[in-house]
Amino acid sequence: MRVSLNELESTGRKAAIGCGVPMGLAQDAARALAWLGEAGSPALPVLLDALSAYRTPDTSILVLGPSAIDRFLVDGLDQRFGPCDGALLMLGLVACANPRPERIAVTLSDADGCRAVMRVTGDQVTLSEGDVSGPCEIALSPPPAPERSQRVVRAVCPGGVEVAEADWRALEAYAARTLVPADARSREKGAGAGLVDRD
Amino acid sequence: MRLGRMGAFFPTRLSFMRRLIRRMTAERWAVGCAARSLDENGYGHAVWQADTGNRIYSLVAFSTQLDPDQRTDRVIAEAWDASFVLFDGVPTADDIARLRANAPRQEAGRYQATDLTLSRANKSVRLFDHVATCLAAGRQPNAASLAGIGYLMRTTAVYGNGKFGIADRAVIRAREEVAGPFQAEMLTVYLIRCFTLDLVEHVARAMAPETAVPLAPHLKRHLGIGNSTGLGMAPFLVSHPILIHRWMSAREDALARVRSLESLSTPEIAGLTELCRRARAHVAEWNVADPRQAERIAILREDLISVSAWIADLAPETPRPLDRLFRRAEQHLSVEGQELLVAILIELRPDLVDGLADTMASDETESLDPRWTVGRLAAEIDRVYDWALALDFDDPEAVRHFWYVSEEKLEPRLGDRHEEPGADKEMPLAIARDIQGLRQALRTRAQDEPIAALLMERPEFRHLVRRAQTVARYPYAEIRDNLIGRACLPIDLLRCKLSFFGASKFDPKSDLWTRITLYQGAPLPEEIARGDGEDWAFPALLS
């Protein structure tokens, strides 16, 4: 099914909150999700992995990722952490950081030794994609020399992104945890208009 | 930016509807019915198009029979008299078939990136039937009835920006004609108005083809589109601080520009006199049942008598005349009176004001700089949130309410924290209370510590640090009131936002929802095509 980027971001944010992620981190994760989707990456499974792993927040990409970017901005020193589930989200977290480090490389390394490297230099974001899978170690560092296989990442799909319907339903289920069941009182006093209007 | 003042705002020429009509008129857009497939009861579909000269936008409208027991303005409704999609371009038969299967279901349907907005409306049954019956009998409807209600249909939602799969704002952001805030939504409502005026004439013709007459243009022009707005609109003002800053800032800049005029010419004084007369006529036709608003309107009518007298005293040699008027208003008029005067003053000099409408959009995201020190953040909070830090949240009444999203059609609601469950799922709109909590936490930290260290230990403050840093840069970004206190009136939030849309005739039905009128007095398609009718502030029918 196709969803809009706004749906992806807003539902992703609510889903993160529904999983207990604090609001500010949920905002970061949701923007990263939309960025990944716009960049053509399989965004939704990545967030779902991260949300599943949030049972242990101390090792979650949703917590460690923004925190590592903060520290990199403060002192410019290498940051290493992991392994984390949903590690691909780190690319979006860095790309959407505001302010974003002027020069930074994000390296994801999985258990099989595959790597993905994203470089940010000013406004340009490039990706040297490896086929990483499963939990990854994550490193933030000043960017090394560019590789020949890198591609420039651009927003490509304002028409929305394709997602698996089962993944979307899972995301909505998480998001539904933020909702309060309605009752007669809330319908009558907590909302607005009369139930039937014939004028 | 206090709630009491926001709840007294009036539309101005910076309002989004006014801006759209200015563009449509200046560029002489061609607006017309491209397809009409309606039965004798007016059920079926129609397509209304706006041709900008460079691009075509099409309103695909579906009119269906509605059981009277299902006719509700509430967002929880599941059926409507009419449903609409603003389609990007010219829809094919397949597009219309797809939309027919989805649009009448509204939120339960799915849409595509070619679909720019989604909306629905119910008839004002009293007026629609009256107008159709009169026209069928060959006579014009009662003007007083038209003035009293002001619309044939009222919408209950106009969705945009990616909801239910429709186009993201990114799809249209670069298009000059719809780049401003809510321009696609405002175009949708204008075309809905065209559809309703056409629909009532169609029904009249079907009732009595031999005797039916069209609705007189001056009556048509006075019919807008109604709208019922509830709490769904309120959180927007809190969750878009930079955008709201831009709206407010443009309004304040406009006012500052006219107040700084050193003098007025004799024609300008005459123009001001005429605007005040029109405002008085408009307010004279603004009647509501709500006792609080009715009293405010009564005082406003008295205020306008004073303003008329003050304007009569102006002369070309009067120094800084509009600043004097405004200062006098601050001393002697109600808040509604002051705000209506703002709308009048802004109206006087389009050359000074209209360009500011181009500054009211923002796609900027809030920033969080972890390099700030604790001391810097604390100082900024003390500076921009002094009003919040002064509130006493130990008082149970100061935390009486909580905002939440109902499971039922995802509708925002307001609960009583002391009597209802659900506060554990509170929406983050208690800015003042939560900023107090952040400020308290900062007292326990070293002043030269980067804020990154606090956020690592206390991630629950992350969104508040982001907000405080934003508000420090954008002075109109925050509503300076306690939005969870017993005294908070959500209706004030609604009126503020609706005034920026260009809504008029605010008709509160409770503290939580209001009816309004959109596009009343706006030019008709043939006037837009002639480049005529841009001046439609303060519409009145009976005087």
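**Strand pairing in chain A**

Guide: Begin with one pair of strands: β2(A) and strand β6 (residues 136–141) of chain A are joined by 4 bridges and pair in the antiparallel sense. Within that pair, A:Arg80 lies opposite A:Ala139 of β6(A). Keep in mind throughout that this is a predicted model.

Visitor: What holds such strands together, and in what order do the 6 strands of the open sheet in chain A follow one another?

Guide: In general, strands of a sheet pair through backbone hydrogen bonds, and the pairing may be parallel or antiparallel. Here the sheet is open, its 6 strands run in the order β2-β6-β3-β4-β5-β7 (chain A), and the pairing is antiparallel. The edges are taken by β2 (79–84) and β7 (151–152) of chain A; each has a single partner strand, so one side of each has no neighbour in the sheet.

Visitor: How many helices and strands does chain A have, and how many of its residues are buried?

Guide: Chain A has 7 helices and 8 strands. Of its 199 residues, 52% count as buried. For contacts between residues at least 6 apart in sequence, 69% in chain A join residues at least 24 apart.

Visitor: How many residues of helix α5 of chain A are buried?

Guide: Burial is read residue by residue from the count of neighbouring C-beta atoms, with 20 or more within 10 Å as the cut-off. In helix α5 (residues 89–96) of chain A, 8 of the 8 residues are buried, and the helix is mostly covered. They are A:Leu89, A:Met90, A:Leu91, A:Gly92, A:Leu93, A:Val94, A:Ala95 and A:Cys96.

Visitor: Where in chain A is the confidence lowest, and where is it highest?

Guide: For the chain as a whole, the average pLDDT of chain A is 89, and 87% of the residues score at least 70. By element, α7(A) has the lowest confidence, with a mean of 68, while helix α6 (residues 165–175) of chain A has the highest, at 98.

Visitor: How many residues of each chain take part in the contact between chain A and chain B?

Guide: An interface can be read first by counts, then by elements, then by residue class. The contact involves 37 residues of chain A and 51 residues of chain B. On the chain A side, at least two residues each come from β1 (2–3), α1 (5–18), α2 (23–38), α4 (61–75) and α7 (184–190). The most come from α4(A), with 6 residues. By class, the side of chain A that touches chain B has 18 nonpolar, 12 polar and 7 charged residues.

Visitor: Turning to chain B, how does its radius of gyration stand against that of a compact globule?

Guide: For 543 residues, a compact globule would have a radius of gyration near 24 Å, and chain B agrees with this because its own value is 24 Å. Along the principal axes, its C-alpha atoms fill a box of roughly 85 × 65 × 45 Å. The chain has 22 helices and 11 strands, and 52% of its 543 residues count as buried.

Visitor: Which domains are assigned in chain B?

Guide: The assignment gives domain 1 (3–240 + 519–529), domain 2 (262–348) and domain 3 (374–473) of chain B. Taken over C-alpha atoms, the centres of domain 1 and domain 3 of chain B are 39 Å apart. These two domains of chain B touch through 8 residues from domain 1 and 10 residues from domain 3. The domain 1 side of that contact divides into 6 nonpolar, 1 polar and 1 charged residues.

Visitor: Is B:Ala61 buried or exposed?

Guide: B:Ala61 sits in strand β3 (residues 56–63) of chain B. B:Ala61 counts as buried because it has 29 C-beta neighbours inside 10 Å. Leaving out residues up to four places away in sequence, B:Ala61 touches B:His45, B:Ala46, B:Trp48, B:Ala82, B:Phe84 and B:Phe195.

Visitor: What do β8(B) and β9(B) form?

Guide: They form a hairpin with 6 residues between them, and B:Lys409 in the turn has a positive phi of about 60°. Strand β8 (residues 401–405) of chain B runs antiparallel to β9(B), with 5 bridges between them. B:Trp403 is opposite B:Leu414 in β9(B). Strand β9 (residues 412–416) of chain B is largely enclosed by the rest of the structure, because 4 of its 5 residues are buried.

Notes
Residues are numbered from 1 along each chain as its sequence is written. Chains are lettered from A and ligands numbered from 1 in the order in which they are written. This is a predicted model: local features need pLDDT of at least 70, side-chain atom pairs count only at pLDDT 80 or more; totals for chains, interfaces and linings use all residues. The radius of gyration is taken over C-alpha atoms; the globule rule is 2.2 Å times the number of residues to the power 0.38. A residue is buried if 20 or more other C-beta atoms lie within 10 Å of its own, exposed if 12 or fewer, and partly exposed in between; C-beta atoms are placed from the backbone. Two residues are in contact if their C-beta atoms, placed from the backbone, lie within 7 Å. Ala, Val, Leu, Ile, Met, Phe, Trp, Tyr, Cys and Pro count as nonpolar, Asp, Glu, Lys and Arg as charged, and the others, Gly among them, as polar. Domain bounds come from an automatic or database domain assignment. pLDDT is the predictor's confidence in each residue, from 0 to 100. Two strands pair if DSSP finds at least two bridges between them.
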